[in-house]
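Notebook open. I look up one chain today and write down what I find.

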Amino acid sequence: MHHELRRKERALTEPEARAILERGEYGILSTCDPDGQPYGIPLSYCLGNDAIYFHCALEGHKLTDIAADGRVSFCVVGTTEVLPDQFATRYESVVISGRATEAFEEEKQQVLEGLLAKYSAAFRSAGLDYIEAMREQTRVFKVSIEDICGKARR
């Protein structure tokens, strides 16, 4: 569910918001556990197929939360600059919401190669070997973008 921005003049267009997602280095995935306790964790990610993707271990807190309720939020902060004399900050940020589902087989391989291209492009050959060695110890999740909201002070 999309909430209206209070500062509408700072709203970004969807293409601007997607550009921030594209160039972002990491994002914060937010989940809730079965008791309603919120949990946020920084993740590396890649973008594709109108979704963000991340990889993780075979088990853990976020996976327990996703199994209980796949609805998640993901936030990326782009460029920032503190403006001390104005008591303000220039910033750009994007929040998406969607449902996390696991990716398998060919989609999983494509995502792992997408992460390799984003974070370790100069080491493609060694990265492909690493992917092959770690495939069974790695899970990949897709968060389909159901809602996207970008905001900036420039």
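I start with a rule: the expected span of a helix is 1.5 Å times one less than its number of residues. Helices (H or I, at least four residues) and strands (E, at least two) are DSSP runs, numbered from the N terminus.

The model is predicted; local features need pLDDT of at least 70, side-chain atom pairs count only at pLDDT 80 or more, and totals for chains, interfaces and linings use all residues. Residues are numbered from 1 along each chain as its sequence is written, and side-chain values use heavy atoms, with hydrogens and water left out.

**Entry: helix α3.** I checked its length. At 1.5 Å a residue, the 15 residues of α3 should span 21 Å, and the end C-alpha atoms are 21 Å apart, which agrees. Next I looked for its buried residues (under 20% relative accessible area; exposed is over 50%, partly exposed in between; 1.4 Å probe, protein chains only). In α3 these are Lys108, Gln109, Val111, Leu112, Leu115 and Leu116. They cover an arc of only 160° around the axis, so they sit on the same side of α3. The arc is that of the directions from the helix axis to the C-beta atoms. Their cover includes β3 (46-48), β4, β7, α4 and β8 (139-153).

**Entry: whole chain.** I counted four helices and eight strands. From the N terminus on, the order is α-β-β-β-β-α-β-β-β-α-α-β. Of the 154 residues, 36% count as buried. Contact means heavy atoms within 4.5 Å. Of the contacts with a separation of 6 or more, 71% come from residues 24 or more positions apart. The C-alpha atoms fill a box of roughly 50 × 40 × 25 Å, taken along the principal axes.

**Entry: arginine 10.** Is arginine 10 buried or exposed? Arginine 10 counts as buried, because its relative accessibility is 18%. I place arginine 10 in the segment before α1 (14-23). Not counting residues up to four places away in sequence, arginine 10 touches Tyr91, Gly150, Lys151, Ala152 and Arg153.

**Entry: tyrosine 91.** Tyrosine 91 lies in strand β7 (residues 88-103). With the neighbours up to four places away in sequence left out, tyrosine 91 touches Arg10, Thr79, Thr80, Lys151, Ala152 and Arg153. I also took a C-alpha to C-alpha distance: tyrosine 91 and leucine 58 are 33 residues apart in sequence and 35 Å apart in space.
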